[in-house]
Amino acid sequence: MKNRQEIAKTRRWVVKIGSALLTDDGKGLNLEGIATWVEQLAALRRQGIEVVLVSSGAVAQGMGRLGWKRRPHALHELQAAAAVGQMGLVQAYESHFQKYDMHTAQVLLTHDDLSSRGRYLNARSTLKTLLGFGVVPVVNENDTVVTDEIRFGDNDTLGALVTNLVEAELLVILTDQEGLFDTDPRSNPDAGLVSEAKANAPELTQMAGGGHGALGRGGMMTKLRAARLAARSGAATVIAAGREPGILGKIFSGRSVGTLLLPDKEPLVARKQWLAGHLQMRGRLILDEGACRVLRESGRSLLAVGVKEVVGDFARGEMVVCEDENGVEIARGLVNYSSEETRKIRGLPSSRFEETLGFVDEPELIHRDNLVLVG
Ligand SMILES: Nc1ncnc2c1ncn2[C@@H]1O[C@H](COP(=O)(O)OP(=O)(O)O)[C@@H](O)[C@H]1O
Ligand SMILES: N[C@@H](CCC(=O)OP(=O)(O)O)C(=O)O
């Protein structure tokens, strides 16, 4: 994406709503706010945009339900509050989306889910399947099970990782400020709004250095970092005021609201670079002539039926090299089945996976989105 006019052409967004907005200055869950955001999200859906919602607010809502006045420090108490509060949070979203005949799905993620390759693929295919069914996934960190060291801590980072995961083109971070200012507007009334910048521009780091609000966790620094993470898969980020009426529609129509942080690369280029450069190869698949031709000429997914031999040990989600029978590398990709499973299903059509393995994941051995051609 190069400018705001291109936002209307995007098809998949991640929208993150922060604690600062959701918890109504500590007075419990901001149900009025939720009603207006859901209305706007439903309108986006009617424009053909698929949306993953990343919502904070579980801890604050749980504190309200348990009658606690102050945020506890003990991790187990925070985790208990989150478990109680998450119920209220998803209830609120589900009942509001129902008014628009839309379904929601609760998705709780930990850092492990996104850093382990196998779970990464699982989370990715579940989220994409939900989007395909027109469901709005409501994502939060799985506060109940995470330990201190591996907490995302703030949902900005989680929003960015989900953006990478589902290859969204836009990450929208709704917060209690109009966007990124050149200094913290809470402590400096003359602070000026940054309307547009490259996510990786070094001068932004100092601007975002202020603290965070009483209820939020990350402040602007984690939002800037999130924009930089999102840019790694070619997504743009808009940081904007959740309380401004119709804010999502304004962003969609290219109005100059909030801060637009642009990636350096287009999504496809970014993804292919990531696939090609950042992962260790774990094994090799030797393909027959037909499979080589299909990959080279039509850019389709690799099916097990075209695999002649499997070399090495790999797990689901790991990177493998695809070669022709003369050892010439054709492509690399993330494989949907382990080496042991692939040995059993090589040469077979996907209709026979279930009888052979006792289960079936994806019908493709390597999905074309996870495949990069070499040369
Ligand atoms: N340069 C800046 N521009 C805008 N806000 C900033 C800046 N530096 C720090 N902040 C603070 O970040 C807060 C928003 O972050 P946070 O409280 O974590 O919200 P959320 O819960 O929405 O993530 C603002 O209320 C503001 O005080
Ligand atoms: N997972 C936590 C949210 C963490 C949090 O507050 O993040 P943020 O909205 O980025 O300041 C919760 O639901 O309470």
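Visitor: Helices here are DSSP runs of H or I with at least four residues, and strands are runs of E with at least two. On that basis, how much helix and strand is in 283-362?

Guide: This is a predicted model. In it, residues 283-362 are 28% helix and 26% strand, and the end C-alpha atoms of the span lie 19 Å apart.

Visitor: What does UniProt place there?

Guide: An unreviewed UniProt entry gives "domain: PUA" for residues 283-362.

Visitor: Switching to the sheet. What's the strand order?

Guide: The open sheet has 8 strands, running β3-β4-β2-β1-β5-β7-β8-β6, with mixed pairing.

Visitor: Why do β3 and β6 each have a side without a neighbour?

Guide: β3 and β6 (196-198) are at the edges and each has a single partner strand, so one side of each lacks a neighbour in the sheet. On average, neighbouring strands are turned by 20 degrees against each other, ignoring direction.

Visitor: And β1 with β5, parallel or antiparallel?

Guide: Parallel: β1 (12-17) and β5 (170-175) pair over 5 bridges. K16 sits opposite I173 of β5.

Visitor: Which strands does α4 touch?

Guide: α4 packs on the sheet against β2, β3 and β4, and its direction makes about 150 degrees with that of β3.

Visitor: Where does α4 bend?

Guide: At G85, by about 25 degrees. Helix α4 (75-98) still reaches 34 Å from first to last C-alpha, close to the 34 Å expected for its 24 residues.

Visitor: Is G85 buried or exposed?

Guide: G85 is buried. Other buried residues of α4 include L78, A82, L89 and Y93.

Visitor: What covers them?

Guide: Among the elements covering the buried residues of α4 are α2 (31-46), α3 (58-66) and β2 (50-55).

Terms used:
Residues are numbered from 1 along each chain as its sequence is written. Chains are lettered from A and ligands numbered from 1 in the order in which they are written. This is a predicted model: local features need pLDDT of at least 70, side-chain atom pairs count only at pLDDT 80 or more; totals for chains, interfaces and linings use all residues. The expected span of a helix is 1.5 Å times one less than its number of residues. The bend at a residue is the angle between axes fitted to the seven residues ending there and the seven starting there. A residue is buried if 20 or more other C-beta atoms lie within 10 Å of its own, exposed if 12 or fewer, and partly exposed in between; C-beta atoms are placed from the backbone. Two residues are in contact if their C-beta atoms, placed from the backbone, lie within 7 Å. UniProt positions are given in the numbering used here, feature names are shortened, and annotations may be inferred rather than shown by experiment. Two strands pair if DSSP finds at least two bridges between them. Axes are lines fitted to C-alpha atoms, for helices over the stretch in contact, and angles run from 0 to 180 degrees between N-to-C directions.
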